[in-house]
Amino acid sequence: MLSVNNLTTHYGTSQALFGVELDVVTGEVATLLGRNGMGKTTTINSIMGIVPASSGSIVFDEVELIGQPSYKTANLGIGLVPEGRQIFPNLSLMENLVATASNHLNHDNPWTVDKVFDLFPELGERRKSMGNLLSGGEQQMLAIGRALMTNPKLLILDEATEGLAPLVRHKIWVALNEIRKQAMSILVVDKNLTDLLKIANRNYIIERGRIVWSGTSDELRDSRDVLQRYLGV
Ligand code: ATP
């Protein structure tokens with residue numbers, strides 16, 4: 001579904017990505033792992049066209065994304081849950097959910113407000129609350145729900161559970177597993193390895209702008225030296 005090949009990205013004269021390669025297969029969860037400052041957000045922002053790629057190729061559903069503006073990439077069916085959630089603070093939870101909702105790809109069984117509330121019952125109880133009055137966990141669930149309401153084919157989550165309590169993190173992993181069952185592909189950046197590996201099909205590790213390891217969750221769990229060298233665990 002998504003194929004990133006030989007991707008390089010610069011910030012001015014400073015190069016951040018050096019030939020990143022990764023694939024996300026339909027109906028699978030892929031992770032992008034790595035320590036702080038290694039290039040995870042830059043990779044995601046390059047895919048989304050938020051940071052312009054310098055060279056390489058990013059093909060989504062047979063369309064080259066490099067050079068496309070972000071809104072076109074989103075319209076092709078990529079839903080982003082950005083780092084920091086970026087909930088609209090002065091809109092209610094409900095307004096946040098519906099403000100960017102659409103089903104322009106004509107999915108048979110699209111995401112609706114009710115389906116999002118089934119996935120995250122906490123949100124249903126807070127539907128009238130303003131975005132800035134929601135807890136971190138509620139904001140994260142809302143950011144996921146808001147992305148689902150655009151009915152994407154691929155969901156990308158940057159730091160999906162950063163700063164959240166273990167119970168809330170668990171709810172988010174359970175939800176992602178549910179979402180995956182609905183033929184959605186997911187690319188997720190997160191530091192909570194244990195939970196993440198349970199739902200991931202393929203994992204990529206990025207180190208100083210290069211993918212240095214990829215493999216299944218079982219392979220990663222068994223690779224003590226890889227875990228220690230690149231992730232410090
Ligand atoms: P973190 O987990 O801390 O978010 P990351 O793996 O997502 O880290 P990036 O944010 O992609 O890493 O950063 C990759 C490199 O690019 C770092 O060296 C960082 O300093 C640099 N970088 C990131 N954003 C900018 C920017 N706007 N301008 C210049 N350099 C940047």
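Predicted model: local features only at pLDDT ≥ 70, side-chain atom pairs only at ≥ 80, totals over all residues.
**View 1. Polar atoms facing the ligand at K40, T41 and E159****.** K40 places a polar side-chain atom 2.8 Å from an oxygen atom of the ligand. T41 takes part through its backbone: one of its polar backbone atoms is 2.8 Å from a ligand oxygen atom. E159 brings a polar side-chain atom to 3.4 Å from an oxygen atom of the ligand. How much of the ligand's accessible area does the protein cover? On its own, the ligand has 630 Å² of accessible area, and the protein covers 57% of that.

**View 2. The packing of helix α6 and helix α7****.** Two packed helices are described by the angle between their axes and the distance between the axes. Helix α6 runs over residues 136-148, and helix α7 over residues 166-181. They pack at an angle of about 15°. Their axes are 10 Å apart. Are α6 and α7 roughly parallel or roughly antiparallel? Angles under 35 degrees count as roughly parallel, and α6 and α7 are therefore roughly parallel to each other. The crossing in which α6 passes α7 is right-handed.

How values were computed: Residues numbered from 1 in each chain as written. Heavy atoms only, no water. Polar contact = N/O pair within 3.5 Å; in protein donor to acceptor, adjacent residues only side chain to side chain. Areas by Shrake-Rupley, 256 points an atom, 1.4 Å probe, with all protein chains shown as cover. Axes fitted to C-alpha atoms, helices over the stretch in contact; angles between N-to-C directions. Helix = DSSP H or I, 4+ residues; strand = E, 2+ residues; numbered from the N terminus. Parallel < 35°, antiparallel > 145°, perpendicular 65-115°, else oblique. Left-handed = near helix turned anticlockwise from the far one by under 90°.
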